[in-house]
Amino acid sequence: MAEFVDMNNLRFLLHEVFEAEQLFSLPRYQDYDKEGVDILLDSVKDYAQQSMYPVFKAMDENPARFENGKMIVHPFVGEFMKYAGANNFIGPTFDAEVGGMQMPFLVHAALSNITQSANNALPGYTALTDGSA
């Protein structure tokens, strides 16, 4: 199994250096706690390890391109976007009233570190969608 991200280091930064738990005491982030965030980190790491990392080389070797009036992307992009949409990873920092999870940006950045490390071509698609929203 490839190690593309050091989870111990990521947790150390999130909890010890940046003290994410202080955010969880704010009313906006009251649905978050250390245990839940760690479960989320592990879940995203597992998905990235099983699904994103195995296709990074193929995506690097065959990048997105414009051909005959169409954008051609790796077939996994569609699967990734479905996963991201189904798991609220598009706009997770948005207000709950508009479909977001009111996730602290610090937690979102930690999750992004995992996905970017596994396959830096894929998270750009959700980032573009976040920006559009």
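Analyst: The largest nonpolar core has 30 residues, and the members that touch the most others are Val37, Leu41, Met52, Phe76, Leu111, Ile114 and Leu122. A core here is a set of buried Ala, Val, Leu, Ile, Met, Phe, Trp, Tyr and Cys residues joined through side-chain atoms within 4.5 Å. Buried is under 20% relative accessible area, exposed is over 50%, and partly exposed lies in between (1.4 Å probe, protein chains only). Two or more residues each come from α1 (7–17), α3, α5 and α6, with α3 giving the largest share, 6 residues. Helices are DSSP runs of H or I with at least four residues, strands are E runs of at least two, and both are numbered from the N terminus.

A caveat on the numbers: this is a predicted model, where local features need pLDDT of at least 70 and side-chain atom pairs count only at pLDDT 80 or more, while totals for chains, interfaces and linings use all residues. Residues are numbered from 1 along each chain as its sequence is written, and side-chain values use heavy atoms, with hydrogens and water left out.

Now for the packing. The axes of α3 (residues 34–52) and α5 (residues 76–86) come within 12 Å and cross at roughly 165 degrees; axes are lines fitted to C-alpha atoms, for helices over the stretch in contact, and angles run from 0 to 180 degrees between N-to-C directions. The two helices are therefore roughly antiparallel, a label for angles over 145 degrees. The crossing is right-handed, meaning the near helix is turned clockwise from the far one by less than a right angle.

On the α3 side, Tyr47, Ser51 and Met52 meet Phe76, Glu79, Phe80 and Tyr83 of α5, where contact means heavy atoms within 4.5 Å. By class that makes 5 nonpolar, 1 polar and 1 charged residues; Ala, Val, Leu, Ile, Met, Phe, Trp, Tyr, Cys and Pro count as nonpolar, Asp, Glu, Lys and Arg as charged, and the others, Gly among them, as polar. Phe76 turns up again here: leaving aside neighbours within four places in sequence, Phe76 contacts Tyr47, Ser51, Met52, Val55 and Leu122.

One more residue in α3 deserves a look, namely aspartate 38. Aspartate 38 counts as buried, at 13% relative accessibility. Beyond its neighbours within four places in sequence, aspartate 38 is in contact with Arg11 and His15.

Terms used:
Parallel < 35°, antiparallel > 145°, perpendicular 65-115°, else oblique.
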